[in-house]
Amino acid sequence: MKIKAGRRLPALVLCAVLSLAGCGGRNGASGADDLQGTGGPSEAGGIQEQEAVDADEPLAPPTSFLSEEDMALVDMWPGCDDRALGEVMRKAKAGESVTVACIGGSITQGTVSGGTKDGELLKSEEIPAKKAYAEVFFQWWQETFPAVSFNFINAGIGGTDSYLGVHRLQEDVLEYNPDLVLVEFSVNDGNDIFHKTAYDNLIYRLLNDECAPAVMLLFMGQTNGASAQGNHALVGYHYSVPMVSYANVAADMMKAGRFSEKELSGDQVHPSVLGHAVTGEILWNYLNGVYENLNELDLPETGAETALTRVIYENARILDNDDIVPDEMGDFMEKQVCAEFPDGWSCDGEGGIQFTASFSRLGILYYATTDGTGGLFEVLVDGEHVRSINCDFSGGWGNAIMTVEVYASDETAVHTVLIRKKEDSTGNIFHLLGLMTSGR
């Protein structure tokens, strides 16, 4: 297994030739029994010609916490279309190279909190190893198709939401031409129209990309019940993509007294070893269900004609010091302050960095710190104040990647953007990671 990293992804692209299996979905148009996988040759250095791989039966998941009743809570949305997911499996069965990606926040990135039952479950081998859900998800593909060359992309970044996700989608996911993308933002997104629109734009862009990946949605939830699942499920239902819910299962497990809040999460937000194992088993079971019914699935349709909300983040991207040269630097200088977005600028003074860029919408990607040195800075677009941003995160849970949308229009135009310290700021530090732009 070799590792290659995208520009903002710290060693998260995994190329593998291994094996694993799953359990899971159901619906999709019935039809041809003789469908063959399509797609080009595998990457250089991969396996160029493979015999078709065809496991007789799906492999059992590595854990066994879920009942049929649990899976009914996991998979409660009728009409979800598994045909695109099935086509990825047919491609793997044909022995062709397959690229599988996950995008989300810290849960996808691999953060595992300490649950009170984890040690016992690992010792008894009810959970064979400490793994984040994405590892178990990738494991299904490896073990189900052991002779296939897989590229596994983990594009999870802690503390980030679908608004940032739609802006980094091209560079961190789509440039790898994925066959399948799993999306997880239900813990970090707010259950509001802003995030519903951003999430919708992310899914719409995935479905309409030229590589036409299959899309699968995962709904996580905090142990206090907080989750954007409601809005995210409406988006998924609009596009009829496969959806699975850990949030539903975790809530039912706690209500029934099967597992406690502290057993499923050590910090209320991130799943424990147990929580990740349950999530991995959910995905494994769903995949197995699709695989068992593969011959009943017709060829998929591609693309999405209409968005659920509005398409407002066209050509969304992040401009950093690799992409744009400031008109003026002021007190800013190029500096790396975090590994995920290394090509930004930092200021210890009055600020005064200015850019000229074309966009209809503008967001600021910045790094807030808990050391008390962060300042209050203002953003001006075409000379007009549009937003103040406080880079001081004193009392917060830790230094954090943050975003804020500062300008929105229906028209794309060339604008000047100025970032400078406010007169009443008590701190001088501002870490600018990038400009988040979109527009026609």
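This is a predicted model: local features need pLDDT of at least 70, side-chain atom pairs count only at pLDDT 80 or more; totals for chains, interfaces and linings use all residues.

Visitor: What is phi of N177 near?
Guide: Most residues other than glycine have a negative phi. N177 isn't a glycine, yet its phi is positive. The value is near 50 degrees.

Visitor: Is N177 buried or exposed, or partly exposed?
Guide: Buried means under 20% relative accessible area and exposed means over 50%, with partly exposed in between. N177 has 45% relative accessibility, so N177 counts as partly exposed.

Visitor: Where is D382 found, and what is its phi?
Guide: D382 sits in the loop between β12 and β13 (384-390). D382 is not a glycine either, but its phi is positive. That phi is about 55 degrees.

Visitor: How many residues of helix α6 are buried?
Guide: Helix α6 covers residues 162-172 and has eleven residues. Among the buried ones are Y163, L164, V166 and L169. Helix α6 is largely enclosed by the rest of the structure, because the buried count is ten of the eleven.

Visitor: Which residue caps the N-terminal end of α6?
Guide: Look for a side-chain oxygen 3.3 Å from the backbone nitrogen of Y163. The residue that supplies this oxygen is D161.

Visitor: Are α6 and α7 roughly parallel or roughly antiparallel to each other?
Guide: The axes of α6 and helix α7 (residues 193-208) come within 8 Å and cross at roughly 25 degrees. Angles under 35 degrees count as roughly parallel. The two helices are therefore roughly parallel.

Visitor: How do the residues of the contact of α6 with α7 divide?
Guide: On the α6 side, the residues include Y163, V166 and L169, and those they meet in α7 include F194, A198 and L202. Sorted by type, the contact has eight nonpolar, five polar and one charged.

Visitor: What about α9 and α11: how are they oriented to each other?
Guide: Helix α9 (residues 246-256) and helix α11 (residues 273-292) pack with their axes 10 Å apart, at an angle of about 130 degrees. Their crossing is right-handed. An angle over 145 would count as roughly antiparallel, and 65 to 115 as roughly perpendicular, so these two helices are oblique.

Visitor: Which residues in α11 do those of α9 meet?
Guide: From α9 come Y246, V249 and M253. Their partners in α11 are G275, V278, T279 and I282.

Visitor: How far apart in space are T369 and C391?
Guide: In sequence, T369 and C391 are 22 residues apart. C-alpha to C-alpha, the distance in space is 6.7 Å.

Note on methods. Residues are numbered from 1 along each chain as its sequence is written. Side-chain values use heavy atoms; hydrogens and water are left out. Axes are lines fitted to C-alpha atoms, for helices over the stretch in contact, and angles run from 0 to 180 degrees between N-to-C directions. Helices (H or I, at least four residues) and strands (E, at least two) are DSSP runs, numbered from the N terminus. A crossing is left-handed if the near helix is turned anticlockwise from the far one by less than a right angle, and right-handed if clockwise. Contact means heavy atoms within 4.5 Å. Buried means under 20% relative accessible area, exposed over 50%, partly exposed in between (1.4 Å probe, protein chains only). A polar contact is a pair of N or O atoms within 3.5 Å; within protein, one must be able to donate a hydrogen and the other to accept it, and residues adjacent in sequence count only if both atoms are side-chain atoms. Ala, Val, Leu, Ile, Met, Phe, Trp, Tyr, Cys and Pro count as nonpolar, Asp, Glu, Lys and Arg as charged, and the others, Gly among them, as polar.
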